[in-house]
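Hi,

Here is the structure I promised to pass on to you. Have a look at it first, and then read on for my notes.

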Amino acid sequence: MAADREKAPQPPVLVIGRTGQIAASLRAISDDEMPFLCLGRREGLDITDADSLRVVLDGCRPDLVVNAAAYTSVDRAEAEPDAAFAVNAQGPATLARLCAERDIPIIHLSTDYVFDGMKGEPYVEDDLISPVNTYGASKAAGETALRDITHRYVVLRTSWLYSPFGTNFMKTMLRLAQTREEISVVADQRGCPTAAHDVAAAIRTIAFQLREGGGTFGVFHLAGAEAATWFDFANGIVDLAGAGVDRRLRILPIATAEYRAAALRPPDSRLGCGKVAGAYGLALPSWRKSLERVLAQPLADMETKG
């Protein structure tokens, strides 16, 4: 009987990028029901190369694309603006054009750093974007390109990502807790720490709905439910790590001006996430709850996976 037949395998969702936190988290949850094919430069897919994008799109023939490729070094972008804009703006523009020609919807990852951080309360999707650094400006330009070229897009602005993969604040704090006795951390920047695996799970939910023809296109905020400063987040990481660190790291609060970073940061980039809750039923947990899950893995495992 037809009801007894096995379901036909689903075509993979093409993910642009492989080694970043979101792409690695998507690989970790890929299965037969929602396979994610994550390709990066090592596999011959370069978002800054239109020919490589065209070849992969025509070869894989995906029905959905996730753009998880990004230039994410906020400070280095100040010295390398061309590289940041090539990956974060021109690349998404080319991808949007190629996907529009093939009628393929795109899920695109963006950032809270498109805002200047001066609002004083959580940003909503329609607030004016006004980035204060090159990284934020390049990501804002990528969003604009998508909106100008295609109407079949979901932009997900997220913030302060952490995971066992790649380089991120959580892994840095865990490393310093084993090698240092004292460190200074900025205490006057506020945002929403977000676990990459929570974002990946949300992308899976959105992908299911888009494939069923019931998804909503547009710009959405997707971040952890609880706000924190970097100082708060650092203390939470060390506290929750417990036996996973060899010594207690003394964390001292400092002002942004004392940190002397190459790039400015928004002082308060909290994201309001009511829109994505209404459209997709998504509400991410607090960073403390998700951090406990991430830290349940041994530190050694995080280092090898990163």
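Predicted model: local features only at pLDDT ≥ 70, side-chain atom pairs only at ≥ 80, totals over all residues.

Helix α7 has 12 residues and reaches 16 Å from its first C-alpha to its last, close to the 16 Å expected at 1.5 Å a residue. Its buried residues are Trp230, Phe233, Ala234, Asn235, Gly236, Ile237, Val238 and Ala241. What do the buried residues of α7 pack against? Two helices, α5 and α10, are among the partners, and so are the strands β6 (161-162), β7 (182-186), β11 (228-229) and β12 (250-254).

Take the α5 side to begin with. The axes of α5 (residues 169-179) and α7 cross at roughly 60 degrees and come within 10 Å. The two helices, α5 and α7, are therefore oblique to each other, and their crossing is right-handed. On the α5 side the contact involves Phe169, Met170, Met173 and Leu174, which meet Trp230, Phe233, Ala234, Ile237 and Ala241 in α7. Sorted by class, this contact of α5 with α7 has nine nonpolar residues, with no polar and no charged ones.

On to α10. Helix α7 (residues 230-241) packs with helix α10 (residues 287-295) at an angle of about 40 degrees, and their axes are 10 Å apart. As a result, α7 and α10 are therefore oblique to each other. Here too α7 passes α10 in a right-handed crossing. From α7, the residues Asp232, Phe233, Gly236, Ile237, Leu240 and Ala241 take part, and they meet Trp287, Arg288, Leu291, Glu292 and Leu295 in α10. By class, the contact of α7 with α10 has seven nonpolar, one polar and three charged residues.

Elsewhere in the chain there is another helix pair to look at. Helix α3 (residues 81-101) and α4 pack at an angle of about 15 degrees, with 8 Å between their axes. That makes α3 roughly parallel to α4, and the crossing of α3 and α4 is right-handed. By class, the contact of α3 with α4 has 14 nonpolar, four polar and two charged residues.

Ile106 is found in strand β4 and is buried, with a relative accessible area of 1%. Not counting residues up to four places away in sequence, Ile106 touches Val65, Leu95, Ala96, Cys99, Leu146, Arg152, Tyr153 and Val154. Ile106 and Val66 are 40 residues apart in sequence, yet 5.7 Å apart in space, C-alpha to C-alpha.

Now for the loops. Where does Glu121 lie? Glu121 is in the loop between β4 (106-111) and α4 (134-149), and at 45% relative accessibility it counts as partly exposed. Glu121 and Ser269 are 148 residues apart in sequence and 8.3 Å apart in space, C-alpha to C-alpha. Leaving out residues up to four places away in sequence, Glu121 touches Asp268 and Arg270.

Ala283 lies in the loop between α9 and α10 and, at 69% relative accessibility, counts as exposed. The C-alpha atoms of Ala283 and Gly224 are separated by 8.1 Å, with the two residues 59 residues apart along the chain.

Lastly, some backbone angles for you. Trp160 has a positive phi of about 45 degrees although it is not a glycine. Trp160 is found in the loop between β5 (153-158) and β6, and at 8% relative accessibility Trp160 counts as buried. Arg260 also has a positive phi, near 60 degrees, in a residue other than glycine. Arg260 lies in the loop between α8 (256-259) and α9 (274-280). Is Arg260 buried or exposed? With a relative accessible area of 77%, Arg260 is exposed.

Best wishes

How values were computed. Residues numbered from 1 in each chain as written. Heavy atoms only, no water. Axes fitted to C-alpha atoms, helices over the stretch in contact; angles between N-to-C directions. Helix = DSSP H or I, 4+ residues; strand = E, 2+ residues; numbered from the N terminus. Parallel < 35°, antiparallel > 145°, perpendicular 65-115°, else oblique. Left-handed = near helix turned anticlockwise from the far one by under 90°. Contact = heavy atoms within 4.5 Å. Nonpolar A, V, L, I, M, F, W, Y, C, P; charged D, E, K, R; others polar. Buried < 20%, exposed > 50% of the residue type's maximum accessible area, 1.4 Å probe, protein only. Expected span 1.5 Å × (residues − 1).
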